[in-house]
Amino acid sequence: MALVKDNPKVITSSKTSSSMATEKPEPKRPLIRVADFDFYYGEKQALFDINMDMKENEVTAFIGPSGCGKSTLLRCINRMNDLVEVARIGRGKIEVNGADIYDPRVDTIELRKRVGMVFQKSNPFPKSIYENVIYGLRIQGINKKSVLDEAVERCLKGAALWDEVRDRLDTSGLSLSGGQQQRLCIARALAVEPDILLMDEPCSALDPVATAKVEELIHSLKKEYTIVIVTHNMQQAARVSDKTAFFYLGKLIEMAKTDEIFMSPKNEQTEAYISGRFG
Amino acid sequence: MAKESKSGRYDLHSRRRRVLGLDKGQALKGLFGGNALVSVIVLALITFFLFKEGAGFFGQYRHDIELYRKSGLEYVEIMKKETDSFSELNRYLNSIRGEHASVLKERGLSFAEAKAELSSYEDFIYNFEDLGYPLREYVLEMNEVAIGARNMFVEASNYREHRENLLALGRDEEAAEVEVLDVDLSVFVEMIKEGEPDFLALNDKVAVGIIRLTDDLPTIGIEKLDDKMQRFKELALMFVSEMDGYETRLAEWDPQEPVGMGSAFASFVFGKDWVTNSSIQDWYGILPLFTGSLLVASIAMVIAIPLGVGAAIYINQVATPAEQNFIKPYIEFISAIPSVVIGFFGIAVFGEFVRQASGWAIFSGLDAFPISERLTAFTAGCLLALMAIPTIFTLAEDAINNVPKSFKEASLAMGATRLQTTMRIIVPTSLSGIISAILLGFGRVIGETMVVLLCAGNRIEIPDFTDGLATFFEPVHTMTGIIAQELGEVVNGSIHYRALFMVGMVLFLLSLLINYLAQKIVLKYQVSRG
């Protein structure tokens, strides 16, 4: 199951990492490291020289105006950009737990099991709630009923959805409300026990009540997962994140603790964006 | 305008130009509405026309069958069935001798030696054949009587009709000249019925003869053939025991028993014979044509479904854009080939190829091969598959393409492989679309005419489904084929003409059903998407 077959630096599973964290609270180490990263769509450069670290069990928010490259960077972290025909890296690398994810020997399937993703628009499969949650396990060939039952309960509880749907696990995932669907997608992502959760504007299609629930969820998930969230909503970034990164025109303008960036941004552009003068 | 309106009141009257009181929007609406209306009217006319022309069929057919009964032809037919199965026994016996001859030839015996060997049981065969002669002659004689009676009756009613027509036109003199015989069918039937004791006596003789002959079965000395000889004995004794059945049917037969509309209907829907222009009796049973159509269509679908759906999945999920740009138009181009050209190709190239290929060594283990026919259900089925593939491919590809991209992304983001994503998410989600694509492909195939007319072999017979693989290599006829072939040469308004319209109606209803099902399934598909 090694990410890189002959690389000793194997990404550990979430269980061991969390237990390690409780045993010896060592200083948080960077789990995702982006170094000198350039990225292109065809001839058009989308990301310029990005350098950043995202630490274990922290929530990092990406903010910035539309088209600034924040979603692009997010999708680079689990290589979803591979689906785009013309996408390519110019320079630099991204490391996840010490492994260079763009190494040609990397199997994207192994990577994506460890780096889960929640999308902007909730996209449960047209299957039952139960089957939605365990999809990731089924594709790994796990069919044992007791294991699956346990996973469904654990993940739905983890996604704060269990109490709402426990009586109707056989109904279609599409029958849920928008907010519930999004939490179902989070539960689905949790089932494969990733270490990292990438969230691409997970609340943009939700009403304020549903948004509050998802934000609450992000808070509680932080204990076990490292979360990167892209958001257009500045208040949301302020509420949920530990660190905030501001992007503009494909460049990382400023990254700091969330409090600092909202209270006393160092960069003029950041300040202009946060205070609503453009964007 | 805006400036003006500020000063005074708004002028909101239409300024669009009008032609014949219609502005451009209304004219366009009228044009499109008119087009839709025309197609609705045409469809209604076709339906009405089919019903009108076909409707008279059952009445006419019922009348026909009634005449068949009243003239005693039905009675003769029962006897004829008996003699037919006797002839079958004869054929079986002769086939044993034929097989024996070829075995001897393989052993290298000279002609004279072989002949001597075969003659040892020649008498047995001749004696057996002779048993049947009086019976057959008797049946032929009765057949003549019944046919004569029927023909006289038909002629008489034609004259009567002619006279009535003349009277209606007021040409009384001419009408008086028309002589109309009064044909009483019951007289003839009596005549035939009177012979029944003779027939029973002949039957007894045959039964006794068979028992006596088979008691002393000749032995050939080759195990396989002796087994067959034993089998012959079983069949012959079975025939004897069946004779009682024929006799009771003859005794129970009643010429006056009325023929209901139901039996005319059953005779059409479940009839195993489609016989036209027969000197004895015409039969219009759709079953051989229906099964033929179904067999050909099934063969086509078995080939076209995996290819069409497989290609759709490949193009949509796996292929590179370059492959897509090459393969997609190519497959869609197939549907541009005129069906007569495909049929021509089938006759000239493909049929012959299949026949030769069936002789290849790799097929030697199969009983059904090599095949002797060039034009078979299989030939037609393969070519129809070619025509169904573009339909299935295009529609299935649409259905797969309609699966939201987010499903695929979500699946891949969970660490699923491409194959897993395709098989667990894409295909199940688009399944109803794929099924309706298959149904529409089926509709295309069942309605196709030219290819089956040219390549299916056109033998009107229900394929023998007990033959295993060989079933697919028999010539068949189809519903579409028979209409194309026979409609040109039937008398307008005759029963044959109406029968063909009924076949057309069955086709029409079948297509309607298929399209309805396809639509239903697509509808369900849209709902399930939410």
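## Strand β3 of chain A

Two strands pair if DSSP finds at least two bridges between them. Strands (E, at least two residues) and helices (H or I, at least four) are DSSP runs, numbered from the N terminus. In this predicted model, β3(A) pairs with strand β9 (residues 243-248) of chain A in the parallel sense over four bridges. A:Phe62 has A:Ala245 as its bridge partner in β9(A). β3(A) also pairs with strand β8 (residues 226-230) of chain A, in the parallel sense over four bridges. There, A:Phe62 stands opposite A:Val230.

Five of the five residues of β3(A) (residues 59-63) are buried, so the strand is largely enclosed by the rest of the structure. Buried means under 20% relative accessible area (1.4 Å probe, protein chains only). In a regular strand, side chains alternate between the two faces of the sheet. Here A:Val59, A:Ala61 and A:Ile63 point one way, and A:Thr60 and A:Phe62 the other.

## Helices α4 and α5 of chain A

The axes of α4(A) (residues 129-138) and α5(A) (residues 145-158) come within 9 Å and cross at roughly 115 degrees. Axes are lines fitted to C-alpha atoms over the stretch in contact, and angles run from 0 to 180 degrees between N-to-C directions. The two helices are therefore roughly perpendicular, a term for angles of 65 to 115 degrees.

Contact means heavy atoms within 4.5 Å. Among the contact residues are A:Tyr130 and A:Leu137 of α4(A), and A:Leu148 and A:Cys155 of α5(A).

## Reading the model

Residues are numbered from 1 along each chain as its sequence is written, and chains are lettered from A and ligands numbered from 1 in the order written. Local features need pLDDT of at least 70, side-chain atom pairs count only at pLDDT 80 or more, and totals for chains, interfaces and linings use all residues, while side-chain values use heavy atoms, without hydrogens and water.

Definitions and conventions
Angles under 35 degrees count as roughly parallel, over 145 as roughly antiparallel, 65 to 115 as roughly perpendicular and the rest as oblique. Buried means under 20% relative accessible area, exposed over 50%, partly exposed in between (1.4 Å probe, protein chains only).
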